[in-house]
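Here is a short briefing on one protein chain. Please look over the sequence and the model, then read the points below.

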Amino acid sequence: MGTSIKVFIFLALTVLAASFGWRAASAETSTLFISLIACGIVAFAAAIITIFKPKFAAITGSIYALGQGFVLGAISQIYSTQYQGIVLQAIALTGALFFA
C-alpha cells in the first residue's frame, strides 16, 4: 500500500476519533479530563513504540491517530466555546497547507 493511501487512512481515523472527542467535550462529563490524559498517554506510548519498533507502525500508527484525534477533537470543542470560528479557521488553514 502506498504512502499517500496510508496518510489518508490515518487522517480518516484521526477525524473519526476527533468527532468522538468533540461530542465528549460537548457533553461536559466529569470523566473528560481523565479521558484526555489517558488518550494522550496512549498516543505518546504508541509513538515511542513506533520509534523503537518500526515494524509495528501499522498498528501503533492507528492507535496514535485515534488517541490524538480524540484529544484534538475535545480541545477544539473547548476552544470553540470560548472563541467562535477559531476551529473552522484552523481546519481550513491546515487543510490548505496539507493539500498545497
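S80 is found in helix α3, where helices are DSSP runs of H or I with at least four residues, numbered from the N terminus. The model is predicted: local features need pLDDT of at least 70, side-chain atom pairs count only at pLDDT 80 or more, and totals for chains, interfaces and linings use all residues. Residues are numbered from 1 along each chain as its sequence is written, and side-chain values use heavy atoms, with hydrogens and water left out.

- S80 is buried, because its relative accessible area is 16% and buried means under 20% (exposed is over 50%, partly exposed in between; 1.4 Å probe, protein chains only).
- In sequence, S80 and W22 are 58 residues apart, yet their C-alpha atoms lie 9.9 Å apart in space.
- V71 also has its place in helix α3.
- V71 counts as buried, at 14% relative accessibility.
- V71 and G21 are separated by 50 residues in sequence and by 6.3 Å in space, C-alpha to C-alpha.

**How α1 meets α3**
- Two packed helices are described by the angle between their axes and the distance between the axes.
- α1 packs against α3 (residues 57-82) at an angle of about 40 degrees, and the axes are 6 Å apart.
- Axes here are lines fitted to C-alpha atoms, for helices over the stretch in contact, with angles from 0 to 180 degrees between N-to-C directions.
- The contact of α1 with α3 has 15 nonpolar residues, 10 polar and no charged.
- Nonpolar covers Ala, Val, Leu, Ile, Met, Phe, Trp, Tyr, Cys and Pro; charged covers Asp, Glu, Lys and Arg; the others, Gly among them, are polar.

**Nonpolar surface patch**
- V7, F8, L11, V15, F98 and F99 form a nonpolar patch on the surface, with about 570 Å² of accessible area together.
- Patch residues have over 30% relative accessible area and no salt bridge, and nonpolar side chains (here Val, Leu, Ile, Met, Phe, Trp, Tyr) are joined within 5 Å.
- A salt bridge is a side-chain nitrogen of Lys or Arg within 4 Å of a carboxyl oxygen of Asp or Glu.
- α1 gives the most to the patch, with four residues.
- F99 is found in helix α4 and is exposed, with a relative accessible area of 60%.

**Whole chain**
- The protein chain has four helices and zero strands.
- Of its 100 residues, 20% count as buried.
- Its C-alpha atoms fill a box of roughly 40 × 35 × 15 Å, taken along the principal axes.

How values were computed
Patches are made of residues with over 30% relative accessible area and no salt bridge: like charges are joined within 9 Å, nonpolar side chains (Val, Leu, Ile, Met, Phe, Trp, Tyr) within 5 Å. Accessible areas come from the Shrake-Rupley method with a 1.4 Å probe; for residues, only the protein chains shown count as cover. Helices (H or I, at least four residues) and strands (E, at least two) are DSSP runs, numbered from the N terminus.
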